[in-house]
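Colleague: Hello! I am new to reading helix features; could you take me through some?

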Amino acid sequence: MRTPFGQFADICRMIKIEHSIFALPYAWAGAFLAARGLPPLRSLIFLTIGMVAARSFSMAFNRLVDLPFDRDNPRTSDRPLVTGAISKAQTWAFCGVMALIFILACACLNSLCLWLAVPALLFAAAYSLLKRVTALCHFWLGATLGLAPLAGWISVNPAGMDLSPVLLFLAVTFWVGAFDIYYAFQDLDFDLAFDLRSVPSVYGPDTSLALAAFSHVMTAIFLLLTGLAAGLSWPWYVICLGIAALLLLEHRLMRPQDLRHVNTAFFTLNGIISPVVLAGVILGIYL
């Protein structure tokens, strides 16, 4: 299907629409925590629209900023913006439309969401530039996705916030930071050649694995604390134990010298964790 921004399939490839599964369940989890049950349908609808728009804006902006590197990186040479399937002008227009949709969705939620809309977009866009200057870029990306439960909470209850979505923010930040370090192993040689500051290129494979393992431990701890702060019941803790087992499996699969399992570690296992966290919150509230 043709759109003003290029073929719809190319747009989905550009923004990796399938990766929406990483952040959206956490936004819904924040909304359920704020409502202590099913949030208002209006909040869920505009929260979902806003999350999809913000993520689409961020990914498209990242593709624009990284275009000079993507052209030289064999792993990214078939991306739609590199091949010309989507033009730079179309991508800039897409970014503008997604930013506008995000702001309008925030306006439909409440005034606090509207006030925070532009700072949130700027925070998300900053990630695309950080790899040039600091290896902390992985955790900035984590914090960007970590905003999801905070956004979910304020979409339902802008008047006040308890500790549970903040702890979930920290859990998501460390979780994403770890798997983004794993993902960066694919570009280790390229990052070294082009002086890009990923954790693997700055600190080497062994230290990177140790940092990722530490981040996974922190993820498990903050998930446990989230349940305690929110007063969730026993299903949450059973699910936390299962997530800890998945994170351990993910760590054991990752070997810098053998990247055959990187997609399993990066997408398959992590794609399970997000909806499982949402299910844990819902079950922990109702049971």
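Modeller: Gladly! Axes are lines fitted to C-alpha atoms, for helices over the stretch in contact, and angles run from 0 to 180 degrees between N-to-C directions. Contact here means heavy atoms within 4.5 Å. This is a predicted model, where local features need pLDDT of at least 70, side-chain atom pairs count only at pLDDT 80 or more, and totals for chains, interfaces and linings use all residues. Residues are numbered from 1 along each chain as its sequence is written, and side-chain values use heavy atoms, leaving out hydrogens and water.

Colleague: At what angle do the axes of α9 and α12 cross?

Modeller: Helices (H or I, at least four residues) and strands (E, at least two) are DSSP runs, numbered from the N terminus. The axes of helix α9 (residues 163–184) and helix α12 (residues 205–230) cross at roughly 160° and come within 8 Å.

Colleague: Are α9 and α12 roughly parallel or antiparallel?

Modeller: Angles under 35 degrees count as roughly parallel, over 145 as roughly antiparallel, 65 to 115 as roughly perpendicular and the rest as oblique. α9 and α12 are therefore roughly antiparallel.

Colleague: Now, is D10 buried or exposed?

Modeller: Buried means under 20% relative accessible area, exposed over 50%, partly exposed in between (1.4 Å probe, protein chains only). D10 has 14%, so D10 is buried.

Colleague: Where is D10, and what does D10 touch?

Modeller: D10 lies in helix α1 (residues 8–15). Not counting residues up to four places away in sequence, D10 touches P80, A85 and I86. I11, C12, M14 and I15 of α1 are buried too, along with D10. Just past α1, K16 has a positive phi of about 45°.
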